[in-house]
Amino acid sequence: MSPGKQAATSEAAAPMAAGARLEAMRRRVRLSRLAVWTVIAAGPIALGVAITSTPTTVEAATEAKPTGVRTTEVAADPSGYAQLFVSTWLRSSADDASTAQARLAQSMAPNVELPDPAADEQSKPQLVTAVRSAQRSDGTWSVTVAAQYADGVVRYYALPVTANRAGASFSVTGAPGVVAGPARAQVPTSPYGVSVPEGDLSSALGEFLTAYLAGTGEVDRYLAPGVHLTAVSLAPYTAVTVQQVSAVEEAAAAERVPADGTKVRVLARVEARDLGGRWPLAYELALTARSGRWEVSALESGTTAQAGGAR
(Lines give C-alpha, C1' and ligand atoms only; values in the text may rest on other atoms or scores of the structure.)
Protein backbone atom coordinates (compact mmCIF):
# COMPACT_ATOMS: atom_id res chain seq x y z
CA MET A 1 0.00 0.00 0.00
CA SER A 2 1.30 3.45 -0.89
CA PRO A 3 2.11 5.97 1.88
CA GLY A 4 -0.73 8.20 0.73
CA LYS A 5 -3.29 5.42 1.05
CA GLN A 6 -1.93 4.46 4.47
CA ALA A 7 -2.29 8.02 5.71
CA ALA A 8 -5.83 8.22 4.36
CA THR A 9 -6.75 4.93 6.00
CA SER A 10 -5.29 6.08 9.34
CA GLU A 11 -7.18 9.39 9.18
CA ALA A 12 -10.41 7.53 8.50
CA ALA A 13 -9.82 4.97 11.22
CA ALA A 14 -9.24 7.58 13.92
CA PRO A 15 -12.79 9.05 13.85
CA MET A 16 -14.29 5.55 13.65
CA ALA A 17 -12.41 4.43 16.76
CA ALA A 18 -13.41 7.58 18.61
CA GLY A 19 -17.06 7.06 17.61
CA ALA A 20 -16.98 3.45 18.83
CA ARG A 21 -15.68 4.52 22.21
CA LEU A 22 -18.31 7.23 22.52
CA GLU A 23 -21.09 4.78 21.64
CA ALA A 24 -19.84 2.29 24.25
CA MET A 25 -19.86 5.02 26.92
CA ARG A 26 -23.45 6.00 26.00
CA ARG A 27 -24.54 2.34 26.21
CA ARG A 28 -23.08 2.03 29.73
CA VAL A 29 -24.83 5.22 30.84
CA ARG A 30 -28.19 3.93 29.50
CA LEU A 31 -27.73 0.59 31.26
CA SER A 32 -26.85 2.33 34.53
CA ARG A 33 -29.95 4.53 34.33
CA LEU A 34 -32.10 1.49 33.55
CA ALA A 35 -30.71 -0.36 36.57
CA VAL A 36 -31.39 2.57 38.87
CA TRP A 37 -34.99 2.98 37.70
CA THR A 38 -35.53 -0.76 38.08
CA VAL A 39 -34.43 -0.80 41.70
CA ILE A 40 -36.46 2.34 42.40
CA ALA A 41 -39.48 0.46 41.27
CA ALA A 42 -38.45 -2.49 43.46
CA GLY A 43 -38.30 -0.39 46.64
CA PRO A 44 -36.01 1.74 48.78
CA ILE A 45 -34.00 -1.25 50.09
CA ALA A 46 -33.06 -2.33 46.59
CA LEU A 47 -32.17 1.26 45.79
CA GLY A 48 -29.66 1.36 48.65
CA VAL A 49 -28.13 -1.91 47.51
CA ALA A 50 -27.86 -0.67 43.94
CA ILE A 51 -26.17 2.57 45.00
CA THR A 52 -23.58 0.82 47.14
CA SER A 53 -22.88 -1.84 44.55
CA THR A 54 -22.74 0.37 41.46
CA PRO A 55 -19.10 0.87 40.47
CA THR A 56 -18.01 4.47 40.64
CA THR A 57 -14.82 6.16 39.61
CA VAL A 58 -13.26 8.31 42.32
CA GLU A 59 -10.36 10.55 41.52
CA ALA A 60 -7.95 10.31 44.40
CA ALA A 61 -6.56 13.60 45.58
CA THR A 62 -2.85 13.81 45.44
CA GLU A 63 -1.53 13.53 48.96
CA ALA A 64 0.41 16.62 49.90
CA LYS A 65 3.89 15.65 50.84
CA PRO A 66 5.49 17.78 53.52
CA THR A 67 8.35 19.84 52.24
CA GLY A 68 11.45 19.13 54.19
CA VAL A 69 13.39 22.22 55.24
CA ARG A 70 17.04 21.49 55.69
CA THR A 71 18.71 23.64 58.29
CA THR A 72 22.43 23.86 58.76
CA GLU A 73 23.40 23.48 62.37
CA VAL A 74 26.35 25.53 63.51
CA ALA A 75 28.45 23.86 66.15
CA ALA A 76 28.80 25.95 69.28
CA ASP A 77 32.34 27.24 69.84
CA PRO A 78 33.34 26.46 73.47
CA SER A 79 36.14 29.07 73.60
CA GLY A 80 34.47 31.07 76.35
CA TYR A 81 33.88 27.96 78.43
CA ALA A 82 37.53 26.91 78.08
CA GLN A 83 38.68 30.40 78.99
CA LEU A 84 36.61 30.36 82.17
CA PHE A 85 37.90 26.93 83.14
CA VAL A 86 41.59 27.82 82.68
CA SER A 87 41.08 31.02 84.65
CA THR A 88 39.52 29.19 87.60
CA TRP A 89 41.92 26.23 87.32
CA LEU A 90 45.02 28.45 87.50
CA ARG A 91 43.59 30.24 90.53
CA SER A 92 42.75 26.99 92.32
CA SER A 93 44.86 24.92 94.68
CA ALA A 94 44.76 21.25 95.50
CA ASP A 95 45.59 22.20 99.10
CA ASP A 96 42.23 23.94 99.45
CA ALA A 97 39.58 22.37 97.24
CA SER A 98 36.82 24.15 99.14
CA THR A 99 37.41 27.58 97.61
CA ALA A 100 34.94 28.95 95.11
CA GLN A 101 37.52 28.80 92.31
CA ALA A 102 38.39 25.17 93.04
CA ARG A 103 34.76 24.10 93.26
CA LEU A 104 33.95 25.77 89.97
CA ALA A 105 36.94 24.19 88.23
CA GLN A 106 36.00 20.74 89.55
CA SER A 107 32.38 21.17 88.47
CA MET A 108 33.50 22.03 84.94
CA ALA A 109 36.01 19.17 84.73
CA PRO A 110 35.50 16.57 87.49
CA ASN A 111 38.28 14.32 86.14
CA VAL A 112 40.95 17.02 85.96
CA GLU A 113 43.35 17.31 88.86
CA LEU A 114 43.77 20.73 90.49
CA PRO A 115 47.22 22.40 90.42
CA ASP A 116 49.38 23.06 93.46
CA PRO A 117 50.77 26.59 93.01
CA ALA A 118 53.14 28.40 95.32
CA ALA A 119 51.77 30.89 97.81
CA ASP A 120 53.27 33.78 95.84
CA GLU A 121 50.58 35.89 94.21
CA GLN A 122 52.77 36.18 91.10
CA SER A 123 51.79 32.59 90.24
CA LYS A 124 48.23 33.68 89.54
CA PRO A 125 47.49 35.14 86.08
CA GLN A 126 46.22 38.66 85.64
CA LEU A 127 44.44 38.02 82.35
CA VAL A 128 43.18 34.84 80.66
CA THR A 129 41.93 34.97 77.06
CA ALA A 130 40.95 32.33 74.48
CA VAL A 131 43.04 32.90 71.36
CA ARG A 132 42.30 29.94 69.11
CA SER A 133 39.81 27.10 68.73
CA ALA A 134 39.73 24.18 66.31
CA GLN A 135 37.04 21.54 65.87
CA ARG A 136 38.56 18.09 65.75
CA SER A 137 35.39 16.08 65.14
CA ASP A 138 31.69 16.33 65.77
CA GLY A 139 31.37 17.91 69.21
CA THR A 140 35.09 17.76 70.06
CA TRP A 141 37.24 20.88 70.16
CA SER A 142 40.78 21.92 70.99
CA VAL A 143 40.91 25.39 72.53
CA THR A 144 44.07 27.40 73.16
CA VAL A 145 43.96 29.89 76.01
CA ALA A 146 46.57 32.55 76.82
CA ALA A 147 47.36 33.43 80.44
CA GLN A 148 49.24 36.67 81.08
CA TYR A 149 51.08 37.17 84.37
CA ALA A 150 52.12 40.31 86.23
CA ASP A 151 55.75 39.95 85.13
CA GLY A 152 54.72 40.03 81.46
CA VAL A 153 55.11 36.29 80.90
CA VAL A 154 52.43 34.72 78.71
CA ARG A 155 51.73 31.00 78.73
CA TYR A 156 49.46 29.22 76.29
CA TYR A 157 47.33 26.28 77.41
CA ALA A 158 45.54 23.88 75.07
CA LEU A 159 42.71 21.74 76.38
CA PRO A 160 40.07 19.41 74.94
CA VAL A 161 36.43 20.40 75.23
CA THR A 162 33.24 18.71 74.08
CA ALA A 163 30.11 20.66 73.19
CA ASN A 164 26.71 19.84 71.83
CA ARG A 165 25.50 21.62 68.70
CA ALA A 166 22.97 23.72 70.58
CA GLY A 167 25.68 25.09 72.86
CA ALA A 168 23.66 24.05 75.89
CA SER A 169 26.28 21.77 77.44
CA PHE A 170 30.08 21.72 77.58
CA SER A 171 32.66 19.61 79.30
CA VAL A 172 36.43 19.82 79.69
CA THR A 173 37.59 16.27 79.03
CA GLY A 174 41.29 16.55 79.88
CA ALA A 175 43.88 18.57 81.74
CA PRO A 176 45.37 21.63 80.05
CA GLY A 177 48.76 21.33 78.37
CA VAL A 178 51.28 24.14 77.91
CA VAL A 179 51.90 24.71 74.18
CA ALA A 180 53.67 27.21 71.94
CA GLY A 181 51.72 30.32 71.12
CA PRO A 182 50.20 31.02 67.70
CA ALA A 183 52.69 32.13 65.06
CA ARG A 184 52.52 35.68 63.80
CA ALA A 185 50.77 35.88 60.45
CA GLN A 186 52.37 37.62 57.51
CA VAL A 187 51.11 41.15 57.20
CA PRO A 188 49.66 41.87 53.74
CA THR A 189 50.73 44.90 51.76
CA SER A 190 48.70 47.93 52.73
CA PRO A 191 46.38 49.28 50.02
CA TYR A 192 47.05 52.79 51.29
CA GLY A 193 50.07 53.49 49.13
CA VAL A 194 49.44 57.15 48.27
CA SER A 195 50.94 59.72 50.63
CA VAL A 196 48.56 62.62 51.24
CA PRO A 197 50.22 66.00 51.98
CA GLU A 198 48.85 68.58 54.35
CA GLY A 199 45.92 70.35 52.79
CA ASP A 200 42.16 70.33 52.54
CA LEU A 201 41.77 66.60 53.06
CA SER A 202 44.00 66.30 56.12
CA SER A 203 42.38 69.40 57.62
CA ALA A 204 38.91 67.95 57.10
CA LEU A 205 40.03 64.73 58.81
CA GLY A 206 41.53 66.63 61.73
CA GLU A 207 38.36 68.64 62.32
CA PHE A 208 36.14 65.58 62.01
CA LEU A 209 38.21 63.41 64.38
CA THR A 210 38.49 66.24 66.89
CA ALA A 211 34.71 66.49 66.96
CA TYR A 212 34.34 62.70 67.01
CA LEU A 213 36.86 61.96 69.78
CA ALA A 214 37.22 65.21 71.74
CA GLY A 215 33.70 66.61 71.46
CA THR A 216 34.90 69.86 69.91
CA GLY A 217 32.27 70.94 67.38
CA GLU A 218 29.44 69.00 65.78
CA VAL A 219 30.17 65.77 63.94
CA ASP A 220 27.29 66.21 61.48
CA ARG A 221 28.85 69.24 59.77
CA TYR A 222 31.68 67.04 58.47
CA LEU A 223 29.47 64.23 57.12
CA ALA A 224 28.21 63.68 53.59
CA PRO A 225 24.43 63.99 53.04
CA GLY A 226 22.52 60.95 54.29
CA VAL A 227 25.35 59.80 56.57
CA HIS A 228 24.72 59.67 60.33
CA LEU A 229 27.45 59.09 62.85
CA THR A 230 27.36 59.62 66.61
CA ALA A 231 30.40 61.02 68.38
CA VAL A 232 32.07 58.93 71.07
CA SER A 233 30.01 59.45 74.21
CA LEU A 234 31.83 61.22 77.03
CA ALA A 235 34.67 62.37 74.81
CA PRO A 236 37.72 60.43 75.96
CA TYR A 237 40.37 62.84 74.69
CA THR A 238 41.17 66.50 75.12
CA ALA A 239 43.11 66.93 71.86
CA VAL A 240 43.48 65.07 68.58
CA THR A 241 46.20 65.71 66.01
CA VAL A 242 46.53 64.11 62.57
CA GLN A 243 50.05 62.76 62.16
CA GLN A 244 49.91 61.06 58.76
CA VAL A 245 47.35 60.39 56.02
CA SER A 246 47.64 57.71 53.32
CA ALA A 247 45.15 56.95 50.57
CA VAL A 248 44.23 54.32 48.02
CA GLU A 249 43.36 56.74 45.21
CA GLU A 250 45.64 59.39 43.72
CA ALA A 251 42.80 61.92 43.84
CA ALA A 252 43.31 62.23 47.59
CA ALA A 253 46.74 63.79 47.04
CA ALA A 254 45.51 66.49 44.65
CA GLU A 255 46.28 70.08 45.62
CA ARG A 256 42.67 71.14 45.04
CA VAL A 257 39.46 69.35 45.90
CA PRO A 258 38.39 67.42 42.78
CA ALA A 259 34.98 67.35 41.10
CA ASP A 260 31.85 66.62 43.08
CA GLY A 261 31.26 62.93 43.68
CA THR A 262 34.93 61.94 43.72
CA LYS A 263 35.44 59.26 46.37
CA VAL A 264 38.65 58.33 48.16
CA ARG A 265 39.60 55.88 50.92
CA VAL A 266 42.18 56.98 53.46
CA LEU A 267 44.04 55.78 56.54
CA ALA A 268 44.55 58.50 59.13
CA ARG A 269 47.11 58.04 61.91
CA VAL A 270 46.39 60.40 64.75
CA GLU A 271 47.74 61.30 68.16
CA ALA A 272 45.11 61.60 70.89
CA ARG A 273 45.87 63.05 74.31
CA ASP A 274 44.12 62.89 77.64
CA LEU A 275 45.12 63.30 81.28
CA GLY A 276 46.58 59.80 81.18
CA GLY A 277 49.01 60.45 78.36
CA ARG A 278 49.41 60.20 74.58
CA TRP A 279 47.71 57.50 72.46
CA PRO A 280 48.54 56.67 68.82
CA LEU A 281 45.33 55.73 66.98
CA ALA A 282 44.42 54.93 63.38
CA TYR A 283 41.16 55.26 61.42
CA GLU A 284 40.09 54.07 57.99
CA LEU A 285 37.62 56.45 56.36
CA ALA A 286 35.95 57.14 53.04
CA LEU A 287 35.47 60.72 51.89
CA THR A 288 33.50 62.29 49.06
CA ALA A 289 34.14 65.62 47.39
CA ARG A 290 31.22 68.06 47.34
CA SER A 291 31.08 71.80 46.71
CA GLY A 292 34.84 72.26 47.01
CA ARG A 293 35.26 70.35 50.30
CA TRP A 294 35.81 66.83 51.54
CA GLU A 295 33.04 65.14 53.53
CA VAL A 296 33.20 61.88 55.48
CA SER A 297 30.98 59.23 53.88
CA ALA A 298 32.08 56.16 55.86
CA LEU A 299 34.01 55.27 58.98
CA GLU A 300 35.55 51.84 59.30
CA SER A 301 36.98 50.05 62.31
CA GLY A 302 39.61 47.45 61.38
CA THR A 303 38.05 45.43 58.57
CA THR A 304 34.43 45.92 59.63
CA ALA A 305 32.82 48.83 57.84
CA GLN A 306 30.25 50.86 59.77
CA ALA A 307 28.69 52.02 56.50
CA GLY A 308 29.34 55.58 57.51
CA GLY A 309 27.54 54.95 60.76
CA ALA A 310 24.27 54.97 58.84
CA ARG A 311 21.30 54.17 60.99
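## A guided tour of the predicted model

Select S291 to begin: at 58% relative accessibility, S291 counts as exposed, because the threshold for that class is over 50%. S291 sits in the loop that connects β9 with β10. Its phi angle is near 55°, a positive value in a residue other than glycine.

**The whole chain**

Colour the protein chain by secondary structure next. Five helices and eleven strands are present. Of the 311 residues in the chain, 30% are buried. Where contacts join residues at least 6 apart in sequence, 49% of them link residues at least 24 apart.

Move to L234, in the loop between α5 and β7. L234 also has phi near 55°, again a positive value in a residue other than glycine. With a relative accessible area of 78%, L234 is exposed.

A hairpin of two residues connects β8 to β9. At D274, the bridge partner in β9 is G277.

**The largest nonpolar core**

Which residues touch the most other members of the largest nonpolar core? Select L201, F208, V266 and L285: these hold that place in a core of 35 residues. Two or more residues each are given to this core by α5 (200–214), β7, β8, β9 and β10 (293–301). The largest share, nine residues, comes from α5. In soluble globular proteins, nonpolar side chains tend to be buried together.

Centre the view on V266 and display its surroundings. Apart from neighbours within four places in sequence, V266 is in contact with Y192, L201, L205, V245, S246, A247, A252, Y283, E284, L285 and L287. Another core, of 21 residues, lies apart from this one, and its members include A82, W141, L159 and V161.

**Helices α3 and α4**

Select helix α3, residues 79–90, and helix α4, residues 100–108. Two packed helices are described by the angle between their axes and the distance between the axes. Here the axes come within 8 Å and cross at roughly 135°. That angle makes α3 oblique to α4, because only angles over 145 degrees would count as roughly antiparallel. The crossing of the two helices is left-handed. To see the contact itself, show Y81, L84, F85, T88 and W89 of α3 with Q101, L104, A105 and M108 of α4.

Remain on α3 and select V86, which lies in this helix. Is V86 buried or exposed? V86 is buried, since its relative accessible area is 0%. Setting aside neighbours within four places in sequence, the contacts of V86 are V128, V145, Y157 and L159. A distance drawn from V86 to P176 shows 7.7 Å between the C-alpha atoms, although 90 residues separate the two in sequence.

Select S142 in strand β2, residues 140–148. This serine counts as buried at 17% relative accessibility, because the limit for that class is under 20%. Beyond its neighbours within four places in sequence, S142 is in contact with R132, S133, A134, R136 and L159.

One of those contacts, R136, is the last stop. R136 belongs to strand β1, residues 127–137. What is the relative accessible area of R136? The value is 60%, and R136 is therefore exposed. With neighbours within four places in sequence left aside, R136 is in contact with W141, S142 and P160. For R136 and P160, the C-alpha to C-alpha separation is 9.4 Å, and the two are 24 residues apart in sequence.

Conventions:
Residues are numbered from 1 along each chain as its sequence is written. This is a predicted model: local features need pLDDT of at least 70, side-chain atom pairs count only at pLDDT 80 or more; totals for chains, interfaces and linings use all residues. Side-chain values use heavy atoms; hydrogens and water are left out. Two strands pair if DSSP finds at least two bridges between them. Helices (H or I, at least four residues) and strands (E, at least two) are DSSP runs, numbered from the N terminus. A nonpolar core is a set of buried Ala, Val, Leu, Ile, Met, Phe, Trp, Tyr and Cys residues joined through side-chain atoms within 4.5 Å. Buried means under 20% relative accessible area, exposed over 50%, partly exposed in between (1.4 Å probe, protein chains only). Contact means heavy atoms within 4.5 Å. Axes are lines fitted to C-alpha atoms, for helices over the stretch in contact, and angles run from 0 to 180 degrees between N-to-C directions. Angles under 35 degrees count as roughly parallel, over 145 as roughly antiparallel, 65 to 115 as roughly perpendicular and the rest as oblique. A crossing is left-handed if the near helix is turned anticlockwise from the far one by less than a right angle, and right-handed if clockwise.
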